[in-house]
Amino acid sequence: MIIFRLAWQSILNRKFTTILTILSIAISTLLLIGVEKVRTAARASFINTISGTDLIVGARTGGVQLLLYSVFHIGDATSNVTWDTVEDIKKRREVKWVVPIALGDSHKGFRVVGTSKDYFKYFKYRRNIPLQLQSGEAFDNLFDAVLGYEEANKLNYKIG
């Protein structure tokens with residue numbers, strides 16, 4: 001009992017230091033919880049931006065980096081998956097569909113996304129909203145292209 005009384009009197013004698021210590025611990029805890037909450041919310045937001053997809057497969061990298069690269073086309077891949085690997089993944093009975101995505105090239109400052117026609121069939125964002133073409137149709141041949149609406153306007157490109 002005497003130890004608690006001595007400790008209490010020591011705290012009272014050092015009021016300013018004690019208050020400063022308690023305040024710094026409270027602020028540190030608040031910051032730690034706040035950063036963790038933002039990190040968790042950002043990760044959940046990234047994951048919820050693409051719907052109807054259970055798994056994104058790519059070369060060995062971090063999960064967030066793969067998501068940014070494949071869904072948002074931000075950043076660069078650390079390495080690419082070979083076409084043989086894509087074909088092996090397609091053959092698995094657990095896999096319903098595969099949409100290959102390759103980035104790297106650019107045209108007049110705009111990113112080029114190499115993919116298949118299945119991109120327009122299966123890729124959905126937010127709450128199952130499919131991609132829509134303003135005009136024209138999805139590509140059929142190897143050298144066909146689909147341009148983003150804003151990019152086509154900025155470059156003054158027309159169909160054909």
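Two strands are said to pair if DSSP finds at least two bridges between them, and helices (H or I, at least four residues) and strands (E, at least two) are DSSP runs, numbered from the N terminus. This is a predicted model, in which local features need pLDDT of at least 70 and side-chain atom pairs count only at pLDDT 80 or more, while totals for chains, interfaces and linings use all residues. Residues are numbered from 1 along each chain as its sequence is written, and side-chain values use heavy atoms, with hydrogens and water left out.

Strand E2 (101-107) and strand E3 (110-115) run antiparallel and are joined by five bridges, and Ala102 has Gly114 in E3 as its bridge partner. The hairpin that these strands form has two residues between them, and Lys108 takes a positive phi near 50° there. Most residues other than glycine have a negative phi. Lys108 has a relative accessibility of 58% and therefore counts as exposed, where exposed means over 50% relative accessible area, buried under 20% and partly exposed in between (1.4 Å probe, protein chains only).

A second residue with this backbone feature is Asn156, which is not a glycine and yet has a positive phi of about 55°. Asn156 lies in the segment after helix H6 (149-155), and with a relative accessible area of 56% Asn156 is exposed.

Helix H3 (residues 63-70) has Leu66, Leu67, Tyr69 and Ser70 as its buried residues. Seen down the axis of H3, these buried residues fall within an arc of 165°, so they line one face of the helix; the arc is that of the directions from the helix axis to the C-beta atoms.

In the loop between H3 and H4 lies Val81, which is partly exposed, with a relative accessible area of 34%. Leaving aside residues up to four places away in sequence, Val81 touches Gly58, Ala59 and Val86, where contact means heavy atoms within 4.5 Å. The C-alpha atoms of Val81 and Glu150 are separated by 30 Å, and these residues are 69 apart along the chain.

The pockets come next. On a 1 Å grid over the protein atoms alone, a pocket is an open set of points where a 1.4 Å probe fits, with protein on both sides within 12 Å along at least five of seven lines, and lining residues have an atom within 4 Å of a point. The largest pocket holds about 2000 Å³ of space, and of the 47 residues that line the largest pocket, Phe120, Ala145, Val146, Leu147 and Gly148 are the closest to its centre. E2, E3, helix H5 (118-122) and H6 each supply at least two residues of this lining, and E3 gives the most, with six residues.

The second largest pocket has about 1000 Å³ of space, and of the 40 residues that line the second largest pocket, Leu55, Ile56, Val57, Val98 and Val99 are the closest to its centre. H3, helix H4 (83-91), E2, E3 and H5 each supply at least two residues of the lining of the second largest pocket, to which H3 gives the most, with four residues.

Terms used:
Points joined across faces, edges and corners; volume = space filled by probe spheres on them.
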